[in-house]
Amino acid sequence: LPVSAIEAVPGLPGAYHVTVRCPAGSKRFSQRDRVQLATLPKDVRVDDGETWADVRKTMQSRGIDIATISMVDAGTVDRVHVARADEERGDDAVSLVVDVLDAKSLDLPVLATSFLITDRDMERAVYETSLRWLLRFGCYASVNPLFSSILLEPALCTAPPSNIVIDPSRLLDKNTRGDPQYKLQVEQAFNGSTLVLVRGCAGSGKSTLISDLIKLHADRGEKILLCAQSHVAVDQPLEKLASNAAITVLRLGILEKVTSKGRTFHSSCETSLYQNWVAGLRERLRAIAMEKGEPAFTGAVEALDKYNTEPPGDDLRFFMETYKRLWNVLAMTTYEAGKLTRIKDELDEVPIFDVAILDEASRATPLDFFAVSLYARKLYVVGDPNQLAPVFTDRDSPVLAPFAPLVQFPFFAYLLALAPPSMVIKMLKQHRQHSHPLRASNTFIELKYAGISSPELLASEDVTRDFPFKFTVKQYGKDPAAKPHFYIIDATGTEEVYPPASTAAMLGDGEIEERASLKGSTSPYNAETARVIIKTVLDMVHLLDAHPDVVEGFLGRSGYIVVITFYSEQKRYLQQLWYRRSMDEFKHLDPMKVVQFDTVDHFQGDQQAIVIVDVVVTSGRYSEFFCSYNRFYVGCSRARNLLIMVMAENTKRLIIPVGIDIATPPWLTGDDAAAAGPGTGRTKIERRAAFQELYDFAEELGSFISWKDIDEADTHHRPILKFDPSYRARDAADAEE
């Protein structure tokens, strides 16, 4: 459909009104439809009634390369309503608000842009094709012909491991070089056979391990494929690989979705790639100059300094042509890895990798595993089975519902259950969290983690984290004089609103149908808790802005305060409220960068110093989505220094299932399924009153706060936080240690 206007929604970063000309008889647009914007070549026009297939055929018949189309994945349809575009001409248009994940401007030439919607018929075709491919997956399809068998029966992996001893000086992070246990884990993985499974709890150093494995394989001249389901997870290990001339990373994917850590290596960010490589070469030469003391190396370093800016166009083109031939790490999502044509268009070939690494494996579907293993001789699978599992969002669709078992099957947990112990590397000591957020995180995982009580196993006494302020609002509990690192803001008495879900369609004879679903939306918002959260965050930012000397040491160079919510409607409401209230004058901090609002599913794989988790449901409408122990565990385990949970008292009575039940694999049918039995998972799933345990913990710490006290302070313009001057001394002592 031709686009007639793209307009940012005022006060809501990341949302846009996209107005399209909608002829009679068009399909109905509804929430959760996927939206793409495509910029066509100047000499290609789209007429009313033409489909995307018609446009492609026209371009092919005229010899126009399809690759010249610029595509932007603009997210999902949020609301739908009909607006009259031109009263005189009688034209009608449908205005859709779509979410853009990275909140970047859709800088597209409107008149040359078309609007695409991935409907469920297309999704069904994708699912059917993928399932057929999985059922027929054979030796001829893979670089390593054993993977088709090993991924279904890990015990068949009989390749003998090597026995290489790793020099600790070759590890990237100096903090891990003196850790003998970590060195042993790196050696076990590096020396492992064809398939290596790494099971690690949140904060145990999985991303650091991946970075070191990439470096070790790159040092041997090997090519590495790094994949994960989300862009956040793909980019997390790349941060440690920056400024290393021996590691030439090429990041593929939609630029708008790639995080700041991955953009340094993105194929379209040519200047960043060049500057990163020059910085790495400079560091390498400087190290040699210090070691050897030869003036030639010192002169080379000085000569490189002038090349740190953007080079001339011809030099940059030559650099990119060479870089794309000599890269040794290719990073992308599993979705991109499954698109052979996309890789071939970028690199002019489909490469073969010595090693593939699949991160955040708990979220990977069986298809993701097989797609990644197609290209490699060895596969590392890294994840935590207690974190988020694959999500299937189309249960209400009778067309797509039959594919739910294929998408949702916990394949990583399945592999861990079948694999021999020698194939599994366990990383069960966390290095991220202060002990208070850690105890809250442990509340939501299995009572027995690898046979050991999880709080005892995962507690790491050497992790000391602090934050530079104290609450001045009244705290309830046994020891309110202490400085806890875990708080509960009790939101009992607030009320959420469920807005109606909307659809819109153009019918025949110019008739417009616009209606709200009788079911209403399953995504609520709570204005009162949003107001309290924004007040808390606003006071934090004011204090950090007034003491800029502690910001980088506390948040990090690109860190921020994150508010995690379980519902997209609440996220949107929080964004709007923050946009309106953060227009205060800040001297040093950008309020739109230092605070982010996100959902649990999108934030997995990242971590920040302060995390606020909003789990308020006062109506008692607890969906299966909400009652997922994985989601609560992921939300709480993202916090390093301070975790604040906002919840209502009625949630204390909620009993949630804790554990993973592995059903019969979805690719087995008929007699095979009957022979497989009920699967390899546990038949008993523990049910726990986890929220009651959290309330008891907050009362024990004296960190129980009423939302009414915060709201009253907000009404009377009183701060609820004050700066903690002792933070500087403790931070300096921790840094020295």
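Visitor: What makes strand β24 (residues 639-647) largely enclosed by the rest of the structure?

Guide: Buried means a relative accessible area under 20%, exposed means over 50% and partly exposed lies in between, with a 1.4 Å probe and protein chains only; nine of the nine residues of β24 are buried, so the strand is largely enclosed. This is a predicted model, in which local features need pLDDT of at least 70, side-chain atom pairs count only at pLDDT 80 or more, and totals for chains, interfaces and linings use all residues. Residues are numbered from 1 along each chain as its sequence is written, and side-chain values use heavy atoms, with hydrogens and water left out.

Visitor: How do you know that β18 (residues 486-490) and β23 (residues 608-614) pair with β24?

Guide: Two strands pair if DSSP finds at least two bridges between them, strands being DSSP runs of E with at least two residues and helices runs of H or I with at least four, numbered from the N terminus. Five bridges join β18 to β24 and six join β23 to β24, so by the definition of pairing both count as partners of β24.

Visitor: Why are β22 (595-599) and β27 (704-706) called edge strands?

Guide: The open sheet has six strands in the order β22-β21-β23-β24-β18-β27, with parallel pairing; β22 and β27 each have a single partner strand, so one side of each is left without a neighbour in the sheet.

Visitor: Why is α16 (residues 435-442) called roughly antiparallel to α25 (residues 690-701)?

Guide: Axes are lines fitted to C-alpha atoms, for helices over the stretch in contact, and angles run from 0 to 180 degrees between N-to-C directions. The two helices pack at about 160°, with their axes 10 Å apart, and that makes α16 roughly antiparallel to α25, because angles over 145 degrees count as such, while those under 35 are roughly parallel, 65 to 115 roughly perpendicular and the rest oblique.

Visitor: Which residues of α16 and α25 meet?

Guide: Contact means heavy atoms within 4.5 Å, and H436, R439 and A440 in α16 meet L694, F697, E700 and L701 in α25.

Visitor: Why is L172 called partly exposed?

Guide: L172 has a relative accessible area of 22%, which falls between the limits for buried and exposed, so the middle class applies. This residue lies in the loop between α3 (147-150) and α4 (180-190), and its C-alpha atom is separated by 7.1 Å from that of K240, 68 residues apart along the chain.
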